[in-house]
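Here is my note on the model you sent over. I have set it out as numbered points so that you can follow along in the viewer.

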Amino acid sequence: MQPTDIADTLDRFQWDALRALCAPSPDPSRLSGAAMEQLVKDDLLELHDDRPSLTAKGRRVVVCGSPTLWNS
């Protein structure tokens, strides 16, 4: 599956979580637990000592974005 294909399946909460984790000092306590759980299942996030971080696949999805978002 291409990053843009995956990006089209993400909901608003999942997008918010991905974007928030790109920040220099992300605050995971403000993120939706359900969104993070799904992002881990989709291999977009990984947990290190209970702290989420983007995977390489997650970074590609954030960089590529979603055609749906491009058109809005």
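**Notes on the predicted model**

1. Let me begin with the contacts along the chain. Among contacts in the protein chain between residues at least 6 apart in sequence, 52% join residues at least 24 apart. Please keep in mind throughout that this is a predicted model.

2. Next, the overall layout. The protein chain has five helices and two strands, and read along the sequence they follow the pattern α-α-α-β-β-α-α. Of the 72 residues in the protein chain, 31% are buried. The accessible surface of the protein chain comes to about 4800 Å², and carbon and sulfur atoms account for 50% of that surface.

3. Which residues of the largest nonpolar core touch the most other members? This core has 14 residues, and those with the most such neighbours are Leu10, Leu18, Leu39, Leu44, Leu45 and Val61. The elements that give two or more residues to this core are helix H1 (3-9), H2 and H3. H2 gives the most, with four residues.

4. Leaving aside its neighbours within four places in sequence, Leu39 is in contact with Leu10, Gln14, Ala17, Leu18, Leu44 and Leu45. Among these partners, Leu10, Leu18, Leu44 and Leu45 are also in the list of core residues that touch the most other members.

5. Is Gln14 buried or exposed? Gln14 counts as buried because its relative accessibility is 7%, and buried means under 20%. Gln14 is found in helix H2 (residues 12-21). Apart from neighbours within four places in sequence, Gln14 is in contact with Thr9, Ala35, Gln38 and Leu39.

6. Now for the strands. S1 and S2 pair in the antiparallel sense over four bridges. Within this pairing, Leu47 stands opposite Pro52 in S2, and the bridge partner of Leu45 in S2 is Leu54.

7. Most residues other than glycine have a negative phi. Asp49, however, has a positive phi of about 55 degrees although it is not a glycine. Asp49 lies in the loop between S1 and strand S2 (51-54), and the hairpin has two residues between the strands. With a relative accessible area of 76%, Asp49 is exposed.

8. Where else is there a positive phi in a residue that is not a glycine? Asp43 has one of about 65 degrees. The place of Asp43 is in the loop between helix H3 (33-41) and strand S1 (45-48). Asp43 is partly exposed, with a relative accessible area of 43%.

9. Last, the aromatic rings. How many aromatic pairs are there? The count comes to zero, with ring centres required to lie within 6.5 Å for a pair. There is a charge over a ring, though: the charged end of Arg12 sits over the ring of Phe13, 4.3 Å from its centre.

Definitions and conventions: Residues are numbered from 1 along each chain as its sequence is written. This is a predicted model: local features need pLDDT of at least 70, side-chain atom pairs count only at pLDDT 80 or more; totals for chains, interfaces and linings use all residues. Side-chain values use heavy atoms; hydrogens and water are left out. Rings of Phe, Tyr and Trp (its six-membered ring) pair if their centres lie within 6.5 Å; planes under 30 degrees apart count as stacked, over 60 as edge-to-face and the rest as tilted. A charge sits over a ring if NZ of Lys or CZ of Arg is within 6 Å of the ring centre and within 35 degrees of the ring normal. Buried means under 20% relative accessible area, exposed over 50%, partly exposed in between (1.4 Å probe, protein chains only). Contact means heavy atoms within 4.5 Å. A nonpolar core is a set of buried Ala, Val, Leu, Ile, Met, Phe, Trp, Tyr and Cys residues joined through side-chain atoms within 4.5 Å. Two strands pair if DSSP finds at least two bridges between them. Accessible areas come from the Shrake-Rupley method with a 1.4 Å probe; for residues, only the protein chains shown count as cover.
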